[in-house]
Amino acid sequence: MKKQTFIPWIFLLPFLISLSLFFVYASMRALMLSFTNYNLFNDYTFIGIENYKALFRDSNFLFALRNTVFYAFFVTIVQTFFALVLAALLNIKIRGINFFRAGFYLPSVTSSVVITVIFLWLFQRRGMVNFILSRMQALIPSVLTLILIIAAVQTLLVLLEKRRGMPVKILELPLLITSMLIAGLAVTALNSFGIIPIPEFEEINTIWLNTRESFMGIPRPLWAIIIQNIFTTIPTLMLIFLAGLQDVPPVLYEAARIDGAGPYLQFRYITIPSIRPVLFLVLTLSLIGTLQMFDQVAIYGDAVPLQSVITLAYYVYNRMFPGGTLPQVGMASAAAMFLAVITIAAVILQRLLIKSEADR
Amino acid sequence: MTDLQNPDTRAELNFLARRRWARVGVVYVLYLLFMLVFLSPLLFSVVSSFKTNPLDYPPTLKTPQLNPLNWIAAGKLGKAAGGGVWTGGAEPGNEFTFSINYFIEDIENLQEPEFTIPRRKPGAGLAAVKVPTYAADHLGISEIEETRREPYLLESLSGTAVEYTITVTYPEGDGPLLERVPLDILASTELIYLSSTLPASRLERRGRVASFDHIAPGVVGFAFYNYRRVFDETESLSTGRNLFVAWFGNSLFVAIARVVLNLAFASMAGYALARYSFKGRYLLFFIVIASQVIPSQVTFISNYLVLRDGVFGITRLFGVKSLLNTLAGVIVGGAGASAMVESAKVFIMKQFFESLPKETEEAAFIDGAGHFRTFFSVMLPMARPALGAVTILTFQGAWNDFFWPMIVLTSPEDIRTLPIGILYFRQIYGAAGDWGLILSGAVMSAVPVVVLYVVFQKYFLQGLSFGGTKG
């Protein structure tokens, strides 16, 4: 590496200018403004921590805080968990993996506006989501029968193979496929003979968007955004995990199998430790992304009650451009600072947790 | 050694082989299944974007607009009306026929349906404000003719199928090209709608009212009806410019400008970070990392003010008072750090330059080339793969960018970029439930990036390991 005092700064000049103006200066200025009563048009004065105090008296801010914290932690945990499980399930070296990779990544290529507009449409009262829910509800008896028949046939087949002296496992795959086929045929037959009829569809008309109803204390429109985000992020996270998993030497798994470790123990003691760096990356990105969720709220806009989906990021925007009333730049800055502190705290906390786990 | 002659051992080997095959098979099936599940919203919305009403319930993939038989009928109608097989429309001096079939149980109750070319505004939103050319003012409908009558079985109900045909005439003269020929057919309660030359756009009151948006559409005009509406019904009321085209152009301009700036500046910065050691290097790294974690909500406040004041008045030198509502503002500034030189792109370049052998530069230095010549004529040409990644990823980021353009570009309507435009569609047409137009606009706005993705897949998937994901 060349020691130079002058040359590198010339190469760095454009980057430094933009970084100092649009990041360093901007952060400092926001911090400063958070202690003022600036409204875009006045000569502001410093008012101490009044803005921060006012935040906690503002019901919209409290809603935003609750929504953001729940959203970030729920979405991060659920999507990471499912992505990891999915990746472990699909972790086998196969031909044509590039085709699948391309397909799984496609939803992440398009813009959040396109995805959100599509989901808004799916969540309409007479939309796809309600349609799928009502069809699933109608199919519950058939699915239960299917599972029962699979279990019965599988037990039978495993016992038969055991008698032939084969080292079969309970969920032996070839047998499981056979049982599924048999059960599928059986249920189809039962359905068509009307023994287990598919009941009349009871249309589910859940209103997802323009409603003040809530589920588990969380407004329903926020659930819609949660479902959308989990659904569209899992494939990408899954690909990141898959890339990490395929680097784990298969010898480790073989050794564990010889020592008698089952799938769960293998997952717990080989998979998780060997992809810890990837796990950290994914958790960090998810947390940062979800804590700053803005686009979906802005796009859902007037289709939902504001308080049900407002996040801290949107609260900041809303104070800055309230439309109709005077902007409250000071409050906006204070809320932004608050969001920054939460983000940094979450990242550090999560890093500490993963560290202490590693030290055990 | 395994004793292959032993039947027990052989059976066990077969058994293990079966287990392996089953595993591979199951994994393939799972891959396909999950991919289908995760892509289904996109696929379903693309198919539905062609439908007259994407909110049809129950939802189905069956879309008349995607049925080749209807394309043939639409092409014939467009040709007969004089507008042409592809784009359709009616021109003076042409006539064409249109038929509709009804089922009636008791032929005694037969009553002729009523055909009208309505004076109807083409849609909600801007289309409702614009004054259209009404087809009703120019076209004439002939007497209704009963062209066929035959016994028919409708779901075990025996009765008669009756076909009515009208001839639509556009008299000779200097009338305009009619871009839209709507038709309403009102039938008595006994008649049940079966089919028509083109499928009805809407059936109301159990098929008593069959309404058609355009009965001389041509193939493209029929299949891409919603897509055409995106262009036809989105005009700026102040400038008369086509909004969608304007937005598309803005997005393209912003994306290309950002690509060029990032290529130049990120490669320079990346090179300096990879090859030089200097005071403040670690401080710089710290700031860059911090800029990734600090939310853009913190920085956009000041960045907005900076643009409003014309970057401390510097832009006044060029006669521009404020950079708000300008594309330059979107390009120069950025909600987070900056759109001109993105930290992530600097990292891509830094990593790449670190992977190049140092000998190349040393040779250049020995030959007497200076630092800048070495960079521009030796190192930069070698960095083509990384520059490719920066190009593609910057373009994608700029094309999809939402937060910053939404803050900077508020008026007039035609200064927006595509994502902000699609949001505007959602606000205007969503309230009216007009999802055909919203979805087709959204699908079109995604096309450039999807094409780029299909062609330059590897750059996108590389970006995955750089952590180029959104929440």
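Helices (H or I, at least four residues) and strands (E, at least two) are DSSP runs, numbered from the N terminus. With that settled, I turn to the structure. It is a predicted model, in which local features need pLDDT of at least 70 and side-chain atom pairs count only at pLDDT 80 or more, while totals for chains, interfaces and linings use all residues. Residues are numbered from 1 along each chain as its sequence is written, and chains are lettered from A and ligands numbered from 1 in the order in which they are written.

I begin with chain A. Its secondary structure comes to 15 helices and three strands. Chain A has a radius of gyration of 27 Å, well over the 21 Å that the globule rule gives for 360 residues, so it is more spread out than a compact globule. (The radius is taken over C-alpha atoms, and the rule is 2.2 Å times the number of residues to the power 0.38.) The C-alpha trace of chain A spans about 90 × 65 × 35 Å along its principal axes.

Chain A is assigned domain 1 (39-119 + 216-359) and domain 2 (130-192); such bounds come from an automatic or database domain assignment. The centres of these two domains of chain A, taken over C-alpha atoms, are separated by 37 Å.

Next, a helix pair in chain A. The axes of helix α6 (residues 128-163) of chain A and helix α7 (residues 173-192) of chain A come within 8 Å and cross at roughly 140 degrees. Here axes are lines fitted to C-alpha atoms, for helices over the stretch in contact, and angles run from 0 to 180 degrees between N-to-C directions. α6(A) and α7(A) are therefore oblique to each other; angles under 35 degrees count as roughly parallel, over 145 as roughly antiparallel, 65 to 115 as roughly perpendicular and the rest as oblique.

We come to chain B. There are 17 helices and 10 strands in chain B. Its radius of gyration is 31 Å, well over the 23 Å that the globule rule gives for 471 residues, so chain B too is more spread out than a compact globule. Chain B is divided into domain 1 (64-229) and domain 2 (243-465), and the C-alpha centres of these domains of chain B lie 49 Å apart.

Some local features of chain B deserve mention. Y57(B) and P58(B) are joined by a cis peptide bond, with omega about -5 degrees; P58(B) is placed in the loop between α1 and α2 (68-81) of chain B. The peptide bond from S411(B) to P412(B) is also cis, with omega near -5 degrees, and P412(B) is found in the loop between α14 (403-408) and α15 (418-430) of chain B. E155(B), a residue other than glycine, has a positive phi near 45 degrees and lies in the loop between β4 (145-154) and β5 (157-170) of chain B.

How many residues does each chain bring to the contact? The contact takes 84 residues from chain B and 93 residues from chain A, where two residues are in contact if their C-beta atoms, placed from the backbone, lie within 7 Å. On the side of chain B that touches chain A, the largest share, 21 residues, comes from helix α1 (residues 7-48) of chain B.

Finally, a helix pair between the chains. The axes of helix α1 (residues 7-33) of chain A and helix α6 (residues 243-275) of chain B come within 8 Å and cross at roughly 140 degrees. Thus α1(A) and α6(B) are oblique to each other.
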